[in-house]
Amino acid sequence: MKLHFTAAVIAALCLPLPALAWEASVVPSTRKVVPTSSIEYEKTTSANLAGCRNEWEAFQIVINAPEPVSGVNVAVSALSDGNGNEIPASAFTLYREWFLNVVNPSGAGWGVPNHERVAGLYPDPLIPFVDPYSEETVPVAAPFDITEADPGLAVVWADVRIPGDAVPGVYTGTATVTAKDQPDLQIPVSLEVWEIDMPLERNVGTAFRMSESQVRRYHGGKDPANTDANLPDIIRNYYVAGHDHRMDPTGFTGPVDFTFDEGGNLQEVDWTGYDAYMTPYVDGGYFPDGIGVARFDVGLFGPGRGRSMTDEQYKQASSALANHLDEKGWMHKAWVYAKDEPWLVNPLAGDTQEEADAEMAAVAADSRLLVEGNDLWKGKVLVTGPSWEEAKPWVGIWCPVHPMFGKWWWTDRDYAGRGDYDAHIQAGGELWFYNCNANVPPFAGYDIDTSIGYEPRILKWGSWFEGATGYLYWRQLYWGYFDPWLDWQSIEHFSALFARNGDGLLMYPGDGNGYLLDDNDNPVEPGTPEWLHIDGPVVSFRMKQIREGLEDWELFILAEKAGLGDWTRAEVARAYSSFGAVTEQDCSKEFYYCPDREPWTLDESVLFDVRSRVAAKLLFTMYPEKYTDPDAPIVSEEVGDDILSSETMPADAAIADEGDLQEVSDATTPGDTAADTDTDDVKPSGNGCAATTSNTNPLTWLILALCLIATRIPAMRRIREKRASSNYFDRNMQ
């Protein structure tokens, strides 16, 4: 009887199985889902978030559809704490992640182990489900279809802004994935609101250059002299999108004239137009949240950039501006952008070291004139480069690119590094950092074609760790030499080695009805999806990572102000040790790359753990009567005759005891049983084979496993073929 039962089970199980199911899973915001990559990653069945009030948090929903599916949509319910408090559904913003088919890897594929740049499909544009720039509810990216041209999946980014008045606690709700002729898929969502307020007024200075001319090229009609009344609103939408991600533009320069009499004396300055232009940006009226820019480049006096004024006129005019900014209460936000990268010697452009030395000397000389004219400029001049001796007395903000900090990039040049800026900072100076195409692997950067999603985020952790107070990026809309929907690097201008996918490109045009020309000044059609028409930008995956990093930076500052600076540094050091290393693998040499001493963690769970511990320590410091010290020793708890503690209790039992079984899966690591379980495998149920496991012939399970593998191979092959397809970008998403 037993033999017949076993044979029957085997016969039934070896019948052809249906194709892999329509399903949805969750990955964290740090994860980049790369369909063409062989990298394995763990997915969960629920979204578990935590954050400060006024902070943005996010998760991603991966929708697997081995066969075509139409009418796919996602909705997130309101979240409730069970005590009558809610976070409304309107706090969520959903995006469809658009995959870019990268054919030419960044830096011609130059990389080191764990940091390679390879061709493939990478997510970056986040197309909103609903038009954010329309007063009406206008669908944009959803509902959508998953077609044969797709790589067997779609990814949805879910943002939630935690309300500033949210009551601390744990809120729960549901994300529901729907599609035509498919069962609804339910995803539990949990959000813990910390009793910490993310500052609305930013403590971190940022300078991310905007390019209004590029917005005009892609929006507003085919006439190059477009005067569409709506264009200023479209341009504003780009500024607001950056602002919403805590990125201020590099500078605002209001109109003002400086005139001199025959004796070279400055005449009275009319500040009316200047003030009218500047006030909304500085005071916040330009932005929906009413928060002004944290810092701004005055844009009128750039040391080393050349000038028509004499030295004395330069001092008079700049002094008048300093006094006016001081009277307006704006001087603490102002800084002056010197000539960009004056140290740079580019042999390809015919540069010589003598010319670079002269430019650096001009920066130093003009900076000296500013400070001599009015000491309010002391500490306000910013130079994009490492500290150099000649200009030290006059430059207030040193802003090196990450590789030019210490010996991690070029051991033959001992650039100023850790500790070298301490005296400057203690004297009232500042250290900022910037990112550009020099951020080659293993330096974290803003590359599209990296499988490590949180590279832009870890740069902000390192910047805080090294003592910086600001961050600069050279361009948000570098669209001038390629179509941002079709190409993402400028090999012609930067060479293959330094052409990085996404360099200078953080947003995509939400429309392509503007005036576009090719290199021969011939009109061309844009690569913007033909169905996409919104009056503003499509933001990117990388912008979300930048915002997460800037918010983390603010959290670290809060901890620092609470007296937890050294403690927080020790925590951050678990995730960050340096921005990068010499881009050659040699574990025998200091400063060289070695997989055994990664410059920053490749384990995203470390980031989440550090962040949660910093928040827990800050909560305990602020409210010791309400919260527990995360460093407090765990007291053993007696259960019967046994003593159970964190050291003796199995990890899964300890977590299960807290009633959160989902964290058991999240806490596993490669090699653990839970982590190694294939979620596609059929698991015996309680009323079937599992109940008779101990009485079943092992041969039965071997046959069963072989049957499962055999029936899965065709379905998995179809997915691989779709994911390897190179025509993904060309399909119409709707």
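Reader: What makes the pair Cys587 and Cys594 a disulfide?

Author: In this predicted model, the sulfur atoms of Cys587 and Cys594 lie 2.0 Å apart. The cut-off for a disulfide is a pair of cysteine sulfur atoms within 2.5 Å, so Cys587 and Cys594 form one. The structure holds one disulfide. Its link, with 90° about the S-S bond, is right-handed.

Reader: Why is Cys587 called partly exposed, and why does Cys594 count as buried?

Author: Buried means under 20% relative accessible area and exposed means over 50%, with partly exposed in between. Cys587 has a relative accessible area of 39%, and is therefore partly exposed. Cys594 is at 2% relative accessibility, so Cys594 counts as buried.

Reader: How do you know whether Cys52 and Cys436 are buried or exposed?

Author: The cut-off for buried is again under 20%. Cys52 has 0% relative accessibility and therefore counts as buried. Cys436, at 12%, is likewise buried because its value is under 20%.

Reader: Why are H10 and H11 called roughly perpendicular?

Author: Helix H10 (residues 541-572) and helix H11 (residues 604-622) pack at an angle of about 100°, and their axes are 9 Å apart. Angles of 65 to 115 degrees count as roughly perpendicular, so H10 and H11 receive that description.

Reader: Which residues of H10 and H11 meet, and how many of each class does the contact have?

Author: Among the residues of H10 in this contact are Leu555, Phe556, Trp567 and Glu571, while those of H11 include Val610, Arg613, Val614 and Lys617. By class, the contact has 11 nonpolar, two polar and five charged residues.

Reader: What makes E13 an edge strand of its sheet?

Author: The sheet is open and has seven strands in the order E13-E19-E18-E17-E16-E15-E14, with parallel pairing. Strand E13 (205-208) and strand E14 (296-297) each pair on one side only, and these are the edge strands. Four bridges join E13 to E19, and Phe208 stands opposite Tyr473 in E19. Both faces of E13 are covered: Gly205 and Ala207 are buried on one side, Thr206 and Phe208 on the other.

Reader: How do you know that E18 and E19 pair?

Author: Two strands pair if at least two bridges are found between them. Four bridges join strand E18 (residues 430-435) to strand E19 (residues 470-473), so the pair meets the cut-off. The two strands run parallel, and Phe433 stands opposite Tyr471 in E19.

How values were computed:
Residues are numbered from 1 along each chain as its sequence is written. This is a predicted model: local features need pLDDT of at least 70, side-chain atom pairs count only at pLDDT 80 or more; totals for chains, interfaces and linings use all residues. Side-chain values use heavy atoms; hydrogens and water are left out. Axes are lines fitted to C-alpha atoms, for helices over the stretch in contact, and angles run from 0 to 180 degrees between N-to-C directions. Angles under 35 degrees count as roughly parallel, over 145 as roughly antiparallel, 65 to 115 as roughly perpendicular and the rest as oblique. Contact means heavy atoms within 4.5 Å. Ala, Val, Leu, Ile, Met, Phe, Trp, Tyr, Cys and Pro count as nonpolar, Asp, Glu, Lys and Arg as charged, and the others, Gly among them, as polar. Buried means under 20% relative accessible area, exposed over 50%, partly exposed in between (1.4 Å probe, protein chains only).
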